[in-house]
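I opened my notebook for a first look at this structure. Here is what I looked up, entry by entry.

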Amino acid sequence: MKSLTRLTTNRWVRLAIGVAVAALLIVLPLISSKFVNYQLSLMAVFAVAILGLNIVMGYTGQVSLGQSAFLGLGAYIAAYGVTEGWPIPLIFLLCAVVPAIVGLIIALAAARLRGLALAMVTIALPIIGIPLAKRFREFTGGSQGTTVRWLSAPEWNEGFLENDQWRYYVVVIIAALMFLLARNLVRGRMGRAFRIVKENEAVAISIGISPYRYKVLAFTIASLFGGVAGFLYLGVVQYTSPETMSFHTSINMVAAMVIGGSASILGTIFAAIYFVLVPNLANEINPSLTALFSGAILLAVLFLVPGGVVSLPRRIAQVLRSLRRRGNAPARDAETPQNPSDGALAPTATGPKSTEKNRKRQGQ
Amino acid sequence: MEYFIQLVIEGLATGSIYGALALAIVLVNRATGLINFAQGGMAVLSTFVAYALFDAGAPLALAILGAIVFAFALGAVLERVIVRPFERGDPDTAVVVTIGLFVLLGGVAAFFFGYEPRQFPSFFGLETLNIAGVFVSLRSIGTIVVLALVVVLLQVLFRGTKLGLAMRAVADNPVSASLSGLPVSWLLMIGWGLASVLGVIAGVLVAPQLFVSPGMLDFVLVYALAAAILGGLDSPQGAVIAAWFIGVIENLAGAYIDIVGNDLKIAVPFVVMIIILIVRPQGLFGRKVVVRV
Amino acid sequence: MMNLRNASRIGGVVATGAIAALLITGCTREGDGDAGPAEASPGITDTTLSLGISSPLSGPTAGPGSCTVAGLYTYLEAGNAAGGFEFGDGNTRTVELTYLDDVYDPAKAVSNFRQLVDDGIFAYVGALGTPTNAAILPIANEDEIPQVLLVTGATMFSSDQETNPWTFGLLPTYYSEGFAFGELLAERGEVTVAVLSQNDDYGDDYVAGFEAAIEGTDVEVVASATYEPTDPTLDGQVTELAASGADALLSAVSVTPLQVGVLTKAQSLGWLPEIFLPSNTSTPATVVIPGNGAAYPAVYTTSLSKVPVSPTFAEDEDVIAFNEAFAEYGAEIAPTYTPHCAWSYAEGAILEQAFLGMTEPTRDSFMEALHSIEDFQAPLLLDGITVNTTDPTLPAIQGLNLVQFNGTGYGPVQ
Amino acid sequence: MTLLELEDVTASYGHAQVLHGISFRVGENAAAGILGANGAGKTTTLRAISGMVATGGKITYDGRDITGYRPDKVAALGIAHVPEGRGTLGDLSVRDNLRVGAYLRKDRKGVAADLDLCLDLFPNLRERIGSNASALSGGEQQMLAIARAIMAKPRLILLDEASLGLAPSTAQRVYQAIRRLRSEQGVAMVVVEQNAMLAFSVVDHAIVLETGKTSLSGSRDELMGLDEVRRAYLGG
């Protein structure tokens, strides 16, 4: 294990892996079937949506169960723009800005709420959004949805890339840029502020960070990412309908986010892979029992790596160590996430602090 | 006027459906301090047990009793085996575990019974009373009575018994509660078991109308959550009143406000809820909590 | 350096995922070489043909969804067990059906469609769901893969076969069901009607058909209400409609418990109109009898198939054959009966007809054969309802019988 | 007669060992203090006794090895822990907090008497008996936490930083009550306190911790006489 860790931390090894992976990402669509390319593109789409979710939930600690509403909004704007023949950059801009503005307005009102109350407001978004989408059918195509044909391989590249490959490259490049943007956000001052707000609002206030303002900000950014994901969704699926907003999509994204790794950029990618692949996997096992296996897989993954897939290496090390040390520690220890650097002064994870966080979640 | 009253009555009846599940949510929250999506799954699976027992020839009362016993065991076992390791970790993870349980339990129910809705007999018969031109079904009255009874029982449990006190203490701060000698893990198991029982009571109350199917409570659960939060989350009577309120305004808005119509009436209670929460974040009946730093 | 390092980590993960995806599917890109007219299309050999379907097999629409798989699977497996299916090119082939769950999610349906195509299906058949099929439609037509005999009554899948030559519906449209009800009432003279409809294409097509039929007649719609399929009860809507005291209720409700709720609620309010039920929520055993439909002066529905679970048809030859085969092959996929089980069984027979007309092992030949069926009496379809596939604006089955509830099942309109 | 004895006790959070072998004993009716800087392991020592952290070595209470016992079992043996941060149950009323404290007791009369005792010791609580604990001031919450411990009728109270975050006058009032408790009820105590002056007003002997090890130990008077203790903890 140790030698493995050392290997991956070596800069040159990483560089080599990076180059290999980049090459793979470029070459893969050329040799893969349309299905695989579709899957990969869909992963990129949901990676962006879940990334937004991770910013508001993972980094800032605000429960959001309404991300699918922004995904749907973005997809609808894109679909409308495409049918009206607007230029693609304009469509992209609107797909980012309009959901962000909607998110901002909602957040201005809702960010004062906490925990469950906030969760409830966000649950309401897809629930209100679906009948609204049906109501405004001249824009949305009603319940039959809107089918588009766009983002096809341009003429100048006739005979080189096919539609699915072209769409893959467009989507993956935009997704990569969104990831870069998110990475810079969470690594910077803003990300630090998000984390402090999540950890302890009182501390945030005491050092001049307005929790309200940063929550609104996080929510707005999440909505923007959701809208962009909607744009990409339309590019990949070429179709949108009220089902895109479905509350279940939101719930599944939250589950995927935690499974991938909360408050982790890398984890978001695992989350998207999980989100797209698990239904396939369940279908492979038995198409009549997908719910059973999806639920079982979800629980199994969380049991093995409670901290998300991203914590897998740490988890393996931890399990190995506890196997070695077994005997003198009470069994409970293994279950308790620890915070070694804080020493005796900090409350343990079992202490009042974590319960205070629990309480906040409930809005009490 | 009769039409108006009839709509209000229908709203109350529908609200009772939401209220039944909202009570279960309130109990889980008070007993375990957790928001529990698995609640719906446990209720559905247990209601299926009632269905299966009835189908196998047991009298309805016995079938429901059997389902209640099953529900208690199911809740307690799930808490002990699956939820326990996550209770002290990140709350988001715990919530996602309950999401996983929700999906899994639905899948288990589907595995045994399929997805097609199945009919479930009502305890109260199909008769309807005509009171001065307003029609009230026995089923609605029965549901309301049972709800009221459950609210009273819950009040007695939480306010009047040592068990209730201990459950509240554990939900509030499990570590501190254990320092006073409260057997926290035991109490959490009982809390989940009781909540699961409330869930199955809700399930058999609404099953004659919604039929029994793995997804029977999916949307009711959303309304129930809204009711529980609107009611202040720790107040059983608040949750029921909020549920009635939601049922009534939804019906009235759908019937009287043209721009709302039947398609958008679902939005009305949620918009109202959002406005109320923004004005009173603790909900209609929740106690105001002053958080000191 | 930071940048690069991070990118490489992210990349590593994506690669892992991609590889996982590859492993799961085990597929690589095929050559784009155009198949000549005589060369076999994918998914067909001299002895086998493979078909695919993606329907909701979990979630709220899983009941009907499972039946769209189960009926078809039953017909095909029974045929295989009897020695296989004869084709117009002289070969006898066994027909394999691969089915996947899409949970009624369009993105998932597209994914499943792509996967099935990857796995080498010859044609995509019999899928349930309007949004899911709408999402697949452009791809199927772009890639020239048959997407046929869809179990949906939405007009869009059959109305424009010139633009979408690879897509074709199975069932009479909801529009034509609504139209049939309108026609019946129009004969009566002055009638007031209350309309309750699902707020989507299903309900809209229904209402549009009904309104087209009553236009210019003395039939008047005096109240209407819509609902969402996710509503827990329709008591509010029924109360609203009951206030109109209309003579007839058109209840375009597609959800079984809700339809039963409508029937019980209206009579409990003392409102006893004539009832019109859509074909997919009119099964006596699960809807009309639990809803005490006998209380109403009349309950009508349209029907195109025999009901295998109804005593009325217990002695019917088709029904006996179906029940026997279904118990062996279909019951595991769909534990409860919905009419979709019968429809998709009949669909299997229509496919068999198309196979017989296929002179070349190609998709083109299949589509041609599929569109050349005339007056075919498919098993389980009611007498007088035949399959005609030559009109480029209509689905495979167009006929409807109006029937009336007689206390145990359906009989002719009195 | 020794009530509590720690022998070479270690404790760790995950992989970080915080205590490296602490030993001390507390007699029946006696009071021991634990002094030391931030992060020295004072709170962890109390947590080790209560079974809240992974613990090595040996902890004996009333002749019984209680190392590794769960918190509720430790409490059932008559050890009441007033935790750092007070641990009041915020959503419960003051009265309910006190009832929780007496959860394990069966003697109704005794409970009623102890309730009177608590309200007598802390008159503020009498006024706020129906309020939620979270609505109390910091000082009142500390009083409530101690009162909750008293309600358990313990033989030993573990008191963690009772003066933390309180105004000096409030801290004095809290310690007055603690002294009264000692003298009137004869409860044994282990007192963790930053403010050594307050600690020495209660305890008869004490240990000084430095990064998880005992650096000094002795009677109250011995320690107060030491220059280093005076400099570090007594402000002169």
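I began with chain A and found 17 helices and two strands in it. I kept in mind that this is a predicted model.

Next I asked how much of chain A is buried. Of its 364 residues, 56% count as buried. I then looked up the accessible surface of chain A, which comes to about 14,500 Å². Carbon and sulfur atoms account for 66% of that surface.

I also checked the contacts within chain A. Taking those between residues at least 6 apart in sequence, I noted that 75% join residues at least 24 apart.

Then I turned to the nonpolar cores. The largest one has 292 residues. Among the residues with the most contacts inside it are F46(A), F270(B), L51(C) and F355(C). Which helix gives the most to this core? I found that it is helix α3 of chain A, residues 34-59, with 19 residues. I noted a second, separate core too: it has 49 residues, including A102(D), C118(D), L125(D) and A162(D).

Leaving out residues up to four places away in sequence, I listed its neighbours: F355(C) touches L49(C), L51(C), F85(C), E86(C), F87(C), G88(C), V95(C) and F366(C).

Last, I consulted the records for chain C. An unreviewed UniProt entry lists residues 49-406 of chain C as "domain: Leucine-binding protein". I looked at that span in the model: it is 39% helix and 18% strand. The C-alpha atoms at the ends of residues 49-406 lie 44 Å apart.

Note on methods:
Residues are numbered from 1 along each chain as its sequence is written. Chains are lettered from A and ligands numbered from 1 in the order in which they are written. This is a predicted model: local features need pLDDT of at least 70, side-chain atom pairs count only at pLDDT 80 or more; totals for chains, interfaces and linings use all residues. Side-chain values use heavy atoms; hydrogens and water are left out. A nonpolar core is a set of buried Ala, Val, Leu, Ile, Met, Phe, Trp, Tyr and Cys residues joined through side-chain atoms within 4.5 Å. Buried means under 20% relative accessible area, exposed over 50%, partly exposed in between (1.4 Å probe, protein chains only). Helices (H or I, at least four residues) and strands (E, at least two) are DSSP runs, numbered from the N terminus. Contact means heavy atoms within 4.5 Å. UniProt positions are given in the numbering used here, feature names are shortened, and annotations may be inferred rather than shown by experiment. Accessible areas come from the Shrake-Rupley method with a 1.4 Å probe; for residues, only the protein chains shown count as cover.
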